[in-house]
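Here is a short briefing on selected local features. Please read it alongside the sequence and the model.

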Amino acid sequence: MSCKGLFLTFEGPEGSGKTTQSAMLARRLEGAGHRVLAVREPGGTAVGEALRDMLLNHPDQPLDVRAETLIFAAARAQLVTEVLKPALDQGRVVLCDRFADSTLAYQGFGHRQDLSLLRPMIEYATCGLEPSLRILLDIPPADGLARRLTEEHKDAQFRLADADTREWNRMDALDLSFHQRVHEGYLKLAGQDPEHWLIVDAKGATATVHARIWDGVSVLLPKATEAIV
């Protein structure tokens, strides 16, 4: 899928700081004069938000892994058609908190589903849309989950950070071995296509992580300057 804009996705284990870093990058890009759209997955549309609630906020309700995978794909298809492609066609810089690689990492490596079955489904749901750059915020799973638990108890910061992006959800509640497989999966995906992945150590200070992200993203901006400024 050919687009005029720049499509950047944030990936990583739970507690890696994707939401925070996406917001910081959006502000910096806007300050530099770029037209920015920041969205999250699943979500970003009325359909996507309803599916998000079904997927994440009812951990007590059993959900078959194939059903889970297909619901994520449905939310993604709606987001691509309704939001992402129009924004990219307008020449915007689009930041997405998770995208198709999350399906490979979580439903593929995490739940041990066959990646060769998932990839055609992803292609169908996205109409072939791929990020210009995938930003992988790398953190050991145990550290990320501990960070998430800590955030849950910092009520004031929790509210300021937009509570509905940090709920303790179905994915968080899975055992540590699942999250370790997800983490290993992300590293394998990035290793297979290093040109389109930026791996950033997410354990450092927020400003340090942002600086590393900016270094990786800023070199891409001249390619889209005419369209997005």
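Cys 127 is partly exposed, because its relative accessible area is 48% (buried means under 20%, exposed over 50%, partly exposed in between; 1.4 Å probe, protein chains only). The model is predicted: local features need pLDDT of at least 70, side-chain atom pairs count only at pLDDT 80 or more, and totals for chains, interfaces and linings use all residues. Residues are numbered from 1 along each chain as its sequence is written, and side-chain values use heavy atoms, leaving out hydrogens and water.

**Cysteines**
- Cys 127 sits in the loop between H5 and strand S4 (133-138).
- Its phi is positive, near 55 degrees, in a residue other than glycine.
- Cys 96 has 0% relative accessibility and so counts as buried.
- The whole structure has zero disulfides (pairs of cysteine sulfur atoms within 2.5 Å).

**Loop backbone**
- Arg 112, not a glycine, has a positive phi of about 60 degrees.
- Arg 112 lies in the loop between helix H4 (100-110) and helix H5 (115-126). Helices (H or I, at least four residues) and strands (E, at least two) are DSSP runs, numbered from the N terminus.
- Arg 112 counts as exposed, at 63% relative accessibility.
- The Glu 41 to Pro 42 peptide bond is cis, with omega near -15 degrees.
- Pro 42 falls in the loop between strand S2 (36-40) and helix H2 (46-56).

**Helix contact**
- Residues of H1 that meet H9 include Met 24 and Leu 25, and those of H9 include Ile 213 and Trp 214 (contact means heavy atoms within 4.5 Å).
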